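Thanks, everyone. Let me walk you through one model today. Please have the sequence and the picture in view.

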Amino acid sequence: MLEPVSVERLVINFKTLEEFKQFKNYGNQELSMLEDLQGNIIENDSVSPFFGIYYGSALVARMSLYRVDAKYDQYFDPPQDYLELWKLEVLPGYRDKGFGKKLVDFAKQYELPIKTSPLINSQGFWEKMGFHKAKYDMERDLGSNPLIWTPEGVTEKETSAFGNTQTL
Ligand SMILES: CC(C)(COP(=O)(O)OP(=O)(O)OC[C@H]1O[C@@H](n2cnc3c(N)ncnc32)[C@H](O)[C@@H]1OP(=O)(O)O)[C@@H](O)C(=O)NCCC(=O)NCCS
């Protein structure tokens, strides 16, 4: 680590949205925030599900983190609130300095189970962070490869590889 940095909740304003453009994983979520800001549907400096790390005045790492209600939980036993972590990304030039780990450790602080769907090639990083592949459930996981992390005492839900899918 170069010097101490902290994880901050990001507010949505034109400056943050401009900074987001540097991240590869910029997409519909950010574009719709921009439209909402331009159309005064959301106020300047609204809270967002994003957290980030500033290095000097530059946003160099970010993730989106939100809490999913237990009634939608399909991963843990018994069903419980968990965190969905996505869009974790560290800008090139700032990687391998502990910023990715710092964001994941921040999410772990809530002591809730965490689910993420990683980008290809980042598997090694997630393993180091203590995440493992969720037991495959065809109906639930079709087209995605969720990884999960559980705090002590939390159990993963048992699944069937075929889910409840009806054969044709
Ligand atoms: C994946 C990513 C979020 C990791 O963040 P980071 O800040 O670079 O990672 P950190 O410095 O916090 O690394 C923590 C540990 O994970 C390891 N690590 C980082 N990226 C890794 C990877 N892709 N594969 C295996 N291990 C990795 C680090 O070596 C470090 O290990 P150590 O604790 O033994 O020193 C970041 O590199 C990124 O945004 N990459 C671009 C998107 C992507 O997924 N790329 C995949 C690599 S091409």
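Let's start in the middle of the sheet. Strand 3 and strand 5 are joined by 7 bridges, and the two run antiparallel. A word before I go on: this is a predicted model. Now, two positions on that pairing. L65 has L85 of strand 5 as its bridge partner. R67 stands opposite L83, again in strand 5.

Stay with L83, and look towards strand 6. Which residue of strand 6 is the bridge partner of L83? That is I114. Strand 5 and strand 6, residues 114-116, pair over 3 bridges, this time in the parallel sense. How does the chain get from strand 5 to strand 6? The chain crosses through helix 3. This β-α-β crossover is right-handed.

Next, the core. The largest nonpolar core has 25 residues. L103 and I148 touch the most other members. Where do the core residues come from? Strand 3 (58-68), strand 5 (82-90), helix 3 (99-108) and strand 8 (147-149) each give at least two. Strand 3 gives the largest share, with 5 residues.

Take L103 as an example. Leaving out residues up to four places away in sequence, L103 touches V7, F51, I53, A61, M63 and L88.

Last stop, the ligand. How many residues surround the ligand? The count is 16. The closest are R95, G100, K101, S122 and G124. By class, this shell holds 5 nonpolar, 5 polar and 6 charged residues. Strand 5, helix 3 and helix 4, residues 123-128, each supply at least two residues of the shell.

Strand 5 and helix 3 each supply at least two residues to the core, and each supplies at least two to the shell around the ligand. Helix 3 also lies on the path of the right-handed crossover from strand 5 to strand 6.

That's the tour. Over to you.

Technical notes
Residues numbered from 1 in each chain as written. Predicted model: local features only at pLDDT ≥ 70, side-chain atom pairs only at ≥ 80, totals over all residues. Core = buried A, V, L, I, M, F, W, Y, C linked by C-beta atoms within 7 Å. Buried ≥ 20, exposed ≤ 12 C-beta atoms within 10 Å, placed from the backbone. Helix = DSSP H or I, 4+ residues; strand = E, 2+ residues; numbered from the N terminus. Contact = placed C-beta atoms within 7 Å. Pairing = 2+ DSSP bridges. Near = placed C-beta within 6 Å. Nonpolar A, V, L, I, M, F, W, Y, C, P; charged D, E, K, R; others polar. Right-handed = clockwise from strand over helix to strand, strands pointing away.
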